[in-house]
Amino acid sequence: MDADSVPVIVGPTAIGKTAVAMALAELIPLEVVSADSRQVYRRLDIGTAKPGRRERSRVPHHGVDIAEPGERYSAGRFALESQQWLADIRGRGKLPVVVGGTGLYVRAIADGLFLEPPLEADRRQALETWTGRLTTADLVRWAGRLDPGFAGGGRQRATRAVEVALLSGYPLTWWQQVARAEAAIRPWYVVLTAPRPIIHQRIASRSSEMIRRGLIEEVAAVLAEGHLAGAPGLDGVGVREAVEYLHGQRDRDSVPEAITIATRQYAKRQQTWFRHQVTGTVWTLDATRPPEQLAAEIAAVWRQRDQVPPAADHLSARSESGT
RNA sequence: GGUGGGGUGGCCGAGUGGCUAAUGGCAGCAGACUGUAAAUCUGCCGGGCUCUGCCCUACGUAGGUUCGAAUCCUACCCCCACCA
């Protein structure tokens, strides 16, 4: 049995990753490592479509509810912390499965980022204040000058390139080439897909469902804690539209439609990522089929690949750790 | 019924005689992506082709003026506002 080999279930939002993971947990003693940059933030449950209380009490999820909405989480922190989760899961005699839709987080755990040099927090803060005043065009030009390898990509990426170059003394692309980190796992991918119209349909019904379940109220409560609209946790599809409404920047009636459109665009970007950025062992599954069926197929392959113990062990293992 | 404003590419919306298949924006499609990534960017976007160019169809409808019209004129249809 290869302890490093880990299945990674990815796919666009609303495709049913959680359902498949839950069904899979019925067949194999596993815990979930969530690779999702939005579900890390506490109290933003509806807007980020977190797995529910029932799901999480049945199957432990790691990487959910681990940061405050005002706190900056990152792919780097995820790369670091996920190693601990993986070790813990194995320590409990369970198997980890990575489930998530954030391509960069999946990359962080499956390929490793680069070893970032220490960047002094206060210098970084000061620099951020400075770069915040520059126009995007100036920032991009500056990034290109500091890092000849800078390939463009707008404000956010230019800011990052400038920061690394100035604070570490070496260009970002240099670090990326030279300071390769180890991957935490040896991944084999299960990519969940469905025909576009079906994905769109699921997204549309989920958007209105979010409103019905209290998305606006949830976001209002977080805003009431004193977070600014630009807080890290509030910068996501759905949550953003709710903030706009609560700040009087859009009608309430326009919220569900706006969320649907933004989510569709996000799902499209995710699919582009999984189509082109994920390499190695990649298995694409049609997610219009029932999750149980998909889980059974994944479990069969998993057992064959990694000599996973049979389901009987699972039942006892689960009752032992039952919380 | 009267007066005024308006009908532009899937939608919104510029354009008031040639440089216009028609500025922008939205939506859509394709792509990029190494620590803010549900982010941030890039390309395409009437149709067809023998595709650094050519052809066709397009600015409510039908005519007209003009070498040339989305842009001017006439009639008609529809929408909105106000007055009745």
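Which hand does the crossing of helix 5 and helix 7 have? The crossing is right-handed. (A crossing counts as right-handed if the near helix is turned clockwise from the far one by less than a right angle, and as left-handed if anticlockwise.) The structure is a predicted model, in which local features need pLDDT of at least 70, side-chain atom pairs count only at pLDDT 80 or more, and totals for chains, interfaces and linings use all residues. Residues are numbered from 1 along each chain as its sequence is written, and chains are lettered from A and ligands numbered from 1 in the order in which they are written.

An open sheet is formed by 6 strands in the order 3-2-4-1-5-6, with parallel pairing. Helices (H or I, at least four residues) and strands (E, at least two) are DSSP runs, numbered from the N terminus. Strands pair if DSSP finds at least two bridges between them. Strand 3 (61-62) and strand 6 (282-286) each have a single partner strand and stand at the edges, so one side of each lacks a neighbour in the sheet. Strand 1 (residues 5-10) pairs with strand 5 (residues 186-193) in the parallel sense, over 6 bridges. Opposite Ile9 stands Val190 of strand 5. Helix 1 (residues 17-25) packs on the sheet and touches strand 1, strand 2 (30-34), strand 4 (95-100) and strand 5. Contact requires C-beta atoms, placed from the backbone, within 7 Å. The direction of helix 1 makes about 165 degrees with that of strand 4. Helix 4 lies across strand 1, strand 4 and strand 5, at about 150 degrees to strand 4. Axes are lines fitted to C-alpha atoms, for helices over the stretch in contact, and angles run from 0 to 180 degrees between N-to-C directions.

Helix packing was examined pair by pair. Helix 3 and helix 4 have axes that come within 9 Å and cross at roughly 40 degrees. Helix 3 is therefore oblique to helix 4. (Angles under 35 degrees count as roughly parallel, over 145 as roughly antiparallel, 65 to 115 as roughly perpendicular and the rest as oblique.) Their crossing is right-handed. Ala75, Phe78, Ala79 and Ser82 of helix 3 meet Leu104, Tyr105, Ala108 and Ile109 of helix 4. These residues comprise 7 nonpolar, 1 polar and no charged. Here Ala, Val, Leu, Ile, Met, Phe, Trp, Tyr, Cys and Pro count as nonpolar, Asp, Glu, Lys and Arg as charged, and the others, Gly among them, as polar.

Helix 7 contacts two further helices in turn. The axes of helix 5 (residues 121-131) and helix 7 (residues 154-168) come within 11 Å and cross at roughly 135 degrees. The two are therefore oblique to each other. Arg123, Arg124, Leu127 and Thr131 of helix 5 meet Thr159, Val162, Glu163, Leu166 and Leu167 of helix 7. This contact has 4 nonpolar, 2 polar and 3 charged residues. The axes of helix 6 (residues 136-146) and helix 7 come within 8 Å and cross at roughly 40 degrees. Helix 6 passes helix 7 in a left-handed crossing. Their contact has 10 nonpolar, 3 polar and 1 charged residues.

RNA strand B is surrounded by 47 residues, the closest being Ser37, Arg38, Gly76, Leu113 and Gly154. (Near means a C-beta atom, placed from the backbone, within 6 Å.) Two or more residues each come from helix 3 (75-91), helix 4 (103-110), helix 7 and helix 12 (255-276). Helix 12 gives the most, with 10 residues. By class, this surface has 13 nonpolar, 21 polar and 13 charged residues.

Conventions
Contact = placed C-beta atoms within 7 Å.
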